[in-house]
Structure formats: structure tokens, C-alpha cells
Amino acid sequence: MTTKIDNRHPATPKSGLGTVEWGIKGELILNCNCTVFCPCVVSLGKHPPTEGHCQTWGGVRIDSGHYGDVDLSGLNIGLLIEIPGMMGRGNWKVALFIDERAGDAAYNAICDIFSGKAKGTTGLFSVLVGEIIGVERQPVSYETEGKTRHITVGRKIQGVVHPVPGKSADEDIVIKNTQYWMGPDITVATATKGKVRSHGRVWDFDGRSAEICQIDWHGPK
């Protein structure tokens, strides 16, 4: 079921958008159609994806989070992102899948954050995202088994992502100190399963590029 974004938080009038203090800590993974590790991480969107365009699904696990006085801790989020060329040139199409456990206040808060309206870390989305093609409540599962992440978003997304093995089995391959939007340290990963069936998209990214990032996002500044 697709749900229209209200664009207003019950505790925050529309005029207050972009002024509410918020924060999210947790983990984010992305799996895209790039055949080798995503060039956007180090080029900051100035280098085209390996296939010339970007098709991505993602999962967010919120370990602790809030939007004003609304608690977001323990919720999970699914993402579908489609970018026609270089990431930095915008015109993204995005679908957002919000944990069905989220109450109305948390649901609207997540919409504000991921649309960029809440400003802060995700504020650039308001410029880069040309179209939000859908927002839905879905059962979103984000589980970790050893180093492997298992993501399920209803019947829309099924993903299994793990770090690419390095010389030392105990140490992940990590690109550190970047200016990437997700966070400064990105673990190089791949997907053994990356299937999307949603919004007319049928994607299979098994064996393609993936990223794992510990996130510490906040706003409005």
C-alpha cells in the first residue's frame, strides 16, 4: 500500500520544518548496479557509475534516533534510488519504505528526514531528489549474522550483503576519511543477493557493488 506523505509532523507545524533538532545513529547499506566498487564514494558523484547510470537499493538500521521528542530508535528503513547519470547532477528518483512498526509521528519524521526537508546531513536530498516515486509502510527486517547483513523489505527487496574479504580475515577493507554523504568510513562490500521488485523495477544485483557504513546523521545544522 502506497501512503501519501503528510509533510507535517504532528508535533511540528509545517512552518517549523527545517528547525527541529534530530539525530540518527546506526548502519546503512547500499547495493547498486556497479560492476566494481562504486566510484561515487571517492569522486563524490563527479565520476559516472560503471554502467553510466545508478540503480540502488538500501537499508537503514536506526540503533538510536529522534526527531524533536519523537523516538525513532529500533526502526528500519528500505530505499530504492535511481539516478540517470552522475550522482552529483541530481534528478534522483527515490522510493522510501518505512518500518510498519513506526507510529504516525515517527513515520512523518522519517519522511521529513529522507526528503531533505529536515535539513542537516540529508538536507542535500531536497536538491538532488527530483521525484519521490512512493512512500510505503512495509515490514523491514535488518539482521546481522557475523559480518553478513540480511535485508528484507516485504516482497519488494531481498538483500544479503557482506564485506569483500581482505588479506586479513579479521580486518575489513575500509575506505577511510572520505567526504561521502553517508559517512567518512565506507566498508567495501558485495551482495550475494540483491533483488528488487517494486515500482516497475525488476533488478538483480547479485555479485555487484555494495557499501556498509556506520551513520551518525543529525540536523538541522
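## Basis of the values

The model is predicted, and local features need pLDDT of at least 70, side-chain atom pairs count only at pLDDT 80 or more, and totals for chains, interfaces and linings use all residues. Residues are numbered from 1 along each chain as its sequence is written, and side-chain values use heavy atoms, with hydrogens and water left out.

## Cavities

Rolling a probe the size of a water molecule over the atoms shows where empty space is left. A cavity here is a set of points, on a 1 Å grid over the protein atoms alone, where a 1.4 Å probe fits but cannot get out, and its lining residues have an atom within 4 Å of a point. Grid points are joined across faces, edges and corners, and a volume is the space filled by probe spheres set on the points. By this rule there are 3 cavities of 30 Å³ or more.

The largest cavity has a volume of about 130 Å³. It is lined by 13 residues, and those closest to its centre are Leu30, Cys54, Thr56, Met87 and Tyr180. Two or more lining residues come from each of strand E1 (22-32), strand E2 (54-67) and strand E4 (76-83), where strands (E, at least two residues) are DSSP runs numbered from the N terminus. By class, this lining holds 11 nonpolar residues, 1 polar and 1 charged; Ala, Val, Leu, Ile, Met, Phe, Trp, Tyr, Cys and Pro count as nonpolar, Asp, Glu, Lys and Arg as charged, and the others, Gly among them, as polar.

The second largest cavity holds about 90 Å³ of space, and its lining consists of Leu28, Leu79, Ile81, Trp92, Val94, Phe114, Phe125, Val129, Trp181 and Trp217. The lining has 10 nonpolar residues, with no polar and no charged ones.

## Val188 in strand E11

Val188 lies in strand E11, which covers residues 186-198. Its relative accessible area is 12%, so Val188 counts as buried (buried means under 20%, exposed over 50%, partly exposed in between, with a 1.4 Å probe and protein chains only). Leaving aside residues up to four places away in sequence, Val188 touches Phe37, Pro163, Val164, Ile173, Ile175 and Ala210, a contact being heavy atoms within 4.5 Å. Gly16, by contrast, is 172 residues away along the chain, and its C-alpha atom is separated from that of Val188 by 38 Å.

## Salt bridges

Side chains of opposite charge can pair when their charged atoms come close. The structure holds 11 salt bridges, each being a side-chain nitrogen of Lys or Arg within 4 Å of a carboxyl oxygen of Asp or Glu. One of them joins Lys156 and Glu136 at 3.7 Å, N to O. This pair links distant parts of the chain, with Lys156 in the loop between strand E8 (148-153) and strand E9 (157-163), and Glu136 in strand E6 (residues 129-138), 20 residues apart. Lys156 is partly exposed at 23% relative accessibility, whereas Glu136 is buried at 3%.

Lys195 forms a salt bridge with Asp204 at 3.0 Å, N to O, and another with Asp206, whose closest N and O atoms are 3.3 Å apart. The latter pair also links distant parts of the chain, since Asp206 sits in the loop between strand E12 (201-204) and strand E13 (209-219), and Lys195 in strand E11, 11 residues apart. Lys195 is partly exposed at 25%, as are Asp204 at 39% and Asp206 at 35%. Elsewhere, Glu27, Arg61, Asp63 and Arg149 are linked in a network of salt bridges.

Technical notes:
1 Å grid on protein atoms, 1.4 Å probe; cavity = no way out; pocket = protein on both sides within 12 Å on 5 of 7 lines; lining within 4 Å. Helix = DSSP H or I, 4+ residues; strand = E, 2+ residues; numbered from the N terminus.
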